[in-house]
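Here are my notes on the model you sent over.

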Amino acid sequence: MSSATRSTQLREVVTDGTARGIGLATWLLYAGLAFVAAFVSIPVFVRLTEQMYASDIMVHAGLAKDIVEQGGWISYSLWYPLVYVLTGGANDTALFRPVSIVLLTASVVLKAVLVMWLTSRFARSAVWGFAIGVFSVLAMPILNPAMPKMVYLGQITPNVWHNSTNILALPFAIIAALAAIALIRKPEWRTAATFGGLIFLSVLTKPNYALALLPVVGIALIVKLVRARSRWRDAFGYCAVAFVPVAVLLVVQYFLVFSSSGVRDARLVFAPFEVWQVFSANIPLSLVLSFGGAVLTHFALPVERRRSTAVVLSWLVVVVAVLEAAMLAERVVGGAISTDGNWFWGAYTATFILLIVLIANLARSLHEARPTKRRVPVVVLALVALVLHVVSGIVYVLNVLETGNALV
């Protein structure tokens, strides 16, 4: 075999997910990505668990015993029963820290590997899949040069490092979003049941993303079924299988959390921008820093990809999630608006998924054909913006390691 032939085969193995012999090269890339994810995650989680109130992590671990023993096995997040079980009933507080670090690191590694697995197949490139996997670990809102120590607070961030429940929930949200796309593309019993099961699991881990996804998917599915002139019995069945179980779960969770005997002494209220303006002095600028890369990547896509089910659905979910974050709040006992920002979690997850969908589509379009001369400048700008999201993430991690403060 000539050196040229070997070189060609190696290139195919690395860049084409369907090439023969891809196994070894792919496993090496997956292993490399898992190492990167763990290398970044472990120091951050070690730093953020040094003190009880340096982040939400140790606080959430400490809540596990009370929440579970009050009957909250499905109250808000599977994080609590997981910690409760893994710490032997949460009686040994010394176990809170190592258990939290292991669970959170595993969640970040799983997220990165899942992103690579999905995007490498869609983009038909293991190298692109690896790059997008690294992006999924590090991406944060674009850095504001005037405030280099404030990457996270006030922005809609694709990654969160200080909140245990959101970190645990993200991999499950990804597969729920994938199931939603499949359901809208081809409504049938199988896709409806798959979506129903995966969105149910996602809500068990944390309901925020589902609260933005479900109305979008529900309306899109009804429109799709009407246009396809589906039989009403089938249409009703698809909707029942997809939405009834998760709707029941959400109602149960609501009463377990917000009833008079629930785990939170608060009630939901309509309070436009009251929480957001506490953290951001300039909300329009925060939106630019949060979505600059997404907007440029969207317009770097060919028109047919901008109109794809995955892209349109992801944008609509982001819009709903950001509106929920901006308009809704919690009023605690005494009448004050809580500044915990609990309605932002869904927007964070939706932004992450949107970026992954857009970058995967950009990679696929570049794999299929070179961009036209008109698209080249926008593609370059998009890639620069995406790199800036990663640079910002690196700055954020370094800030956390230096200060021990997650809200930077």
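1. Start with the second largest pocket: helices H5 (96-123), H7 (164-185) and H15 (345-368) each put at least two residues into its lining. H7 gives the most, with six residues. Helices here are DSSP runs (H or I, at least four residues; strands are E, at least two), numbered from the N terminus. A pocket is an open set of points on a 1 Å grid over the protein atoms alone, where a 1.4 Å probe fits, with protein on both sides within 12 Å along at least five of seven lines; lining residues have an atom within 4 Å of a point.

2. Keep in mind that this is a predicted model, with local features needing pLDDT of at least 70 and side-chain atom pairs counting only at pLDDT 80 or more, while totals for chains, interfaces and linings use all residues. Residues are numbered from 1 along each chain as its sequence is written, and side-chain values use heavy atoms, leaving out hydrogens and water.

3. The second largest pocket holds about 410 Å³ of space, taken as the space filled by probe spheres set on the points. Its lining has 17 residues, and Leu118, Phe122, Leu178, Ile181 and Val357 lie nearest the centre.

4. Now the backbone. Arginine 124, in the loop between H5 and helix H6 (126-138), has a positive phi near 60° without being a glycine. It counts as partly exposed because its relative accessibility is 38% (buried is under 20%, exposed over 50%, partly exposed in between, with a 1.4 Å probe and protein chains only).

5. Phenylalanine 273 also deserves a look: phi is near 65°, a positive value in a residue other than glycine. This phenylalanine lies in the loop between strand E1 (266-270) and helix H11 (276-279), and at 33% relative accessibility it counts as partly exposed.
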